[in-house]
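The following note sets out points for a colleague who is reading this structure for the first time. Please keep the sequence and the model at hand while going through the points.

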Amino acid sequence: MKTVLITGCSSGFGLATAQYFLDHDWKVVATMRTPHEDVLPRSGRLRVLALDVTDADSIRRAVETAGPIDVLVNNAGVGMLGALEGTSMEQVRAIFETNTLGTIAMTQAVLPQFRQRKAGVVVNVTSSVTLMPLALLSVDTASKAAINAFTESLALELEPFDVHVNIVLPGRAPETRFGENAQPRMQGAIPEAYADLANNVFAAWAQSTAVTTAKDVAEAVWRAANDPACPVRMPAGADALALAGSR
Ligand SMILES: NC(=O)c1ccc[n+]([C@@H]2O[C@H](COP(=O)([O-])OP(=O)(O)OC[C@H]3O[C@@H](n4cnc5c(N)ncnc54)[C@H](OP(=O)(O)O)[C@@H]3O)[C@@H](O)[C@H]2O)c1
């Protein structure tokens, strides 16, 4: 029976992916900054562990406690929508600490066991915003595009060890708490000079009907975990697939 460790399982894609792997008879190490056992149904195949991907000690403890795993899913992430002029460098650093450095640090922490066993898969959840530039998402996009490039280089480096590294690129998913969780970071992020631009961006979003569901993401992560022949980049969700197809 295989084991997956997933970051950011308290809600959204991480929670849905943990449930999906449990439903498919895997052992699941569901990690969260603040562990809540009750977000997932009780199962002998489920362990809930504390993990903050921005904290080196927390990463070491979680990886040690989890023991051998077959798949790591770097899903934890934070969003930021705003003009660069309205975003402090402290906020920029915080986004990169979680989305970019957190993913790199988690990957580094599991590689020794994957390389020694000559087996293992890392799935990095980035974003379809990296497929087409969008206004007011420069920092968010940069933090995720860095992981796309990181993953594609690392995939080549790990080929000799039969370790696979993949990217899942979800589209916009209004059903998750992503937008709500980003709100506190967005106070003052749209200065008056950018108000018209922001209104146009929001109006365009309101018209777009194709969206991504948490199930779309769970299915793409599942494929990455189980199909060694799958492409390194996998868009997830109707909007992400349309964007990828138009490039
Ligand atoms: N929803 C979208 O529209 C969308 C689109 C494209 C890509 N994505 C990406 O998909 C991933 C999941 O997003 P989601 O939509 O499921 O959003 P979500 O519901 O806000 O989930 C994000 C998860 O990341 C966790 N997290 C945040 N900072 C963390 C840290 N330092 N250490 C560990 N966990 C941390 C959150 O935990 P807490 O409860 O502790 O905050 C939460 O469980 C993110 O990487 C996001 O960038 C989302």
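1. The model discussed here is predicted. In it, α3 packs with helix α4 (residues 138-158) at an angle of about 20°, and their axes are 9 Å apart. Angles under 35 degrees count as roughly parallel, and α3 and α4 are therefore roughly parallel to each other. The crossing in which α3 passes α4 is right-handed.

2. Which residues form the contact between α3 and α4? From α3 come V92, I95, F96, N99, T100, T103 and I104, and they meet V139, D140, S143, K144, A146, I147 and F150 of α4. By class, the residues of this contact are eight nonpolar, four polar and two charged.

3. A further packing pair is helix α2 (residues 56-66) with α3. Their axes come within 10 Å and cross at roughly 35°. Here too the handedness can be stated: α2 passes α3 in a right-handed crossing.

4. In the contact of α2 with α3, the residues A56, I59, R60 and V63 of α2 meet A105, M106, A109 and V110 of α3. Seven of the residues in this contact are nonpolar, none is polar and one is charged.

5. The next pair is α1 with helix α7 (residues 214-226), whose axes come within 8 Å and cross at roughly 55°. That angle makes α1 oblique to α7. The crossing of α1 past α7 is right-handed.

6. Where do α1 and α7 meet? On the α1 side the residues are G12, F13, A16, T17 and Y20, and on the α7 side they are A214, K215, V217, A218, V221 and W222. This contact divides into eight nonpolar residues, two polar residues and one charged residue.

7. Finally, the chain as a whole may be considered. It contains eight helices and seven strands. Its C-alpha atoms fill a box of roughly 55 × 35 × 35 Å, taken along the principal axes. For 247 residues, a compact globule would have a radius of gyration near 18 Å, and the chain has 18 Å, so the value agrees with that of a compact globule.

Conventions: Residues numbered from 1 in each chain as written. Predicted model: local features only at pLDDT ≥ 70, side-chain atom pairs only at ≥ 80, totals over all residues. Axes fitted to C-alpha atoms, helices over the stretch in contact; angles between N-to-C directions. Helix = DSSP H or I, 4+ residues; strand = E, 2+ residues; numbered from the N terminus. Parallel < 35°, antiparallel > 145°, perpendicular 65-115°, else oblique. Left-handed = near helix turned anticlockwise from the far one by under 90°. Contact = placed C-beta atoms within 7 Å. Nonpolar A, V, L, I, M, F, W, Y, C, P; charged D, E, K, R; others polar. Rg over C-alpha atoms; globule rule 2.2 N^0.38 Å.
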